[in-house]
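Here is a set of questions and answers for someone meeting this structure for the first time.

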Amino acid sequence: MKYRDKPELQEKLAAEFVLGTLRGRARLRFQTWLRNDARLRGIVSEWERRLAPLAAGVDEVRPPQRVWRSIESRIADGGSARPRGGFWESTAFWRGWGLVATGCAAALVAALALQQPQRIEVPVVQTVETPAQVAMQPAYVAILYAKEEGEKLVFMAYAARKSNELWVRRVDLQKPPTGRDYELWGIPSKPGERPQSLGMIPAAAKATLKLPGAADETLENFSVLVISIEPIGGSKTGSPSGQVVAKGDCFKFW
Amino acid sequence: MDPVQNRLLQELLAACGRKDQGAFARLYQDTSSKLFGVALRILKREDWAEEVLQDCYVSIWNHAANYSAGMSAPMTWMTSIVRNRCLDWLRRPNLEVALDPLGEDSEDPLERIPSDDPGPLDRLAHLNDAKALAECLGRLEAKQRQAITLAFFDGLSHSELASHMRQPLGTVKTWVRRGLERLRGCLGTT
């Protein structure tokens, strides 16, 4: 790495990192270097020591009580550190995260779909007559787990491969906060691609969402689905902007 | 921050490292208003600042055992965690839209930043450990000082600084770089 031989560059990058003007890919790259370079971390600490007193000049603002309540509940269950900031760009993160649940999810779907198709109410596709055929229908399936509350199963989504109807079922999804709504997102498999909205989640336990195209052209691109809390009508930014409450792998079931 | 308060926060952090929840509650009580102020100033939105603050305290709780008093003062350590988290937050895609996602305010979000807000700097001059920094900032050229403080307090990027200060990007970058170099030189000698 060329920066190692350039003390002036290290100094400049560290200063701008701490000041906050080092942005985008340069910031990400610098963070990677920091993880592996104790000397560089030392230079950053020096700059933090130099500039941190500035923060003393900022007005104090008491945060609302709900912030503490939420922190308390998060540290009580082992301090789950929700990923934040910039992570939407990192589909690798979501993929890694989803992998943990994949095994159980696949087993669960297999068990439900093969043994008790009616009871999970697999959407009735007109051409399908028998439970055995329902189970055989090539489809995309996503099982979403709560990000907190012990990763319980909260939501399922299913779309036959050639269909543009996404059948969704709220299993145990709490009501959204007042004035907010849940939005369903597909997290692309390709690194660097933006999450794509699959629509707002209806309040009904069971519903059907319209996909922009057949599942094998739309869901095919996603490795993970997530649900986030958004303003009524959906995120105004085109990406998830609020807390993510559930996530799960989206996989082919055939 | 006076030495007594500094020492108290060090002890609270050490206790948090031993998973003492009472100490953590006290630490939150003593520091959250300052850190929320820092986050709010950079992010300009309460809901974002609340989320970032939550994450930061969970992170502080999880990493308190790794905090080393010899490395930095407690407030410096915690402020850096909050600032870094805010800056990562601002790195999200679609920021131009996201700065005003509720559409409540159609004006340029940068216009909301007071252009020559002397508030934070004025206050610094009265704080012991910030005196040297305030003095060194005072020795910078006005434009350098303005660029550095806008970047620090308000989390502006180079291009946002350029647009806010109505100057070419290259000029603003030079102000920031030279300002930082001079600050380092100045702080090294005071």
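**A crossing between two chains**

Q: Why is the crossing of α4(A) and α3(B) called right-handed?
A: The crossing of α4(A) and α3(B) is right-handed because a crossing gets that name if the near helix is turned clockwise from the far one by less than a right angle, and is left-handed if anticlockwise. This is a predicted model, in which local features need pLDDT of at least 70, side-chain atom pairs count only at pLDDT 80 or more, and totals for chains, interfaces and linings use all residues. Residues are numbered from 1 along each chain as its sequence is written, while chains are lettered from A and ligands numbered from 1 in the order in which they are written.

Q: What angle do helix α4 of chain A and helix α3 of chain B make as they pack?
A: Helix α4 (residues 65-76) of chain A packs against helix α3 (residues 46-63) of chain B at about 35°, their axes being 9 Å apart; axes are lines fitted to C-alpha atoms, for helices over the stretch in contact, with angles from 0 to 180 degrees between N-to-C directions.

Q: Which residues of α4(A) meet α3(B)?
A: Val67(A), Ser70(A), Ile71(A), Arg74(A) and Ile75(A) do, and their partners include Leu53(B) and Trp61(B), contact meaning that C-beta atoms, placed from the backbone, lie within 7 Å.

Q: What makes β7 and β8 of chain A a pair?
A: Strands pair if DSSP finds at least two bridges between them, and β7 (residues 222-231) and β8 (residues 244-253) of chain A have five, in the antiparallel sense, so they count as paired.

Notes:
Helix = DSSP H or I, 4+ residues; strand = E, 2+ residues; numbered from the N terminus. Contact = placed C-beta atoms within 7 Å.
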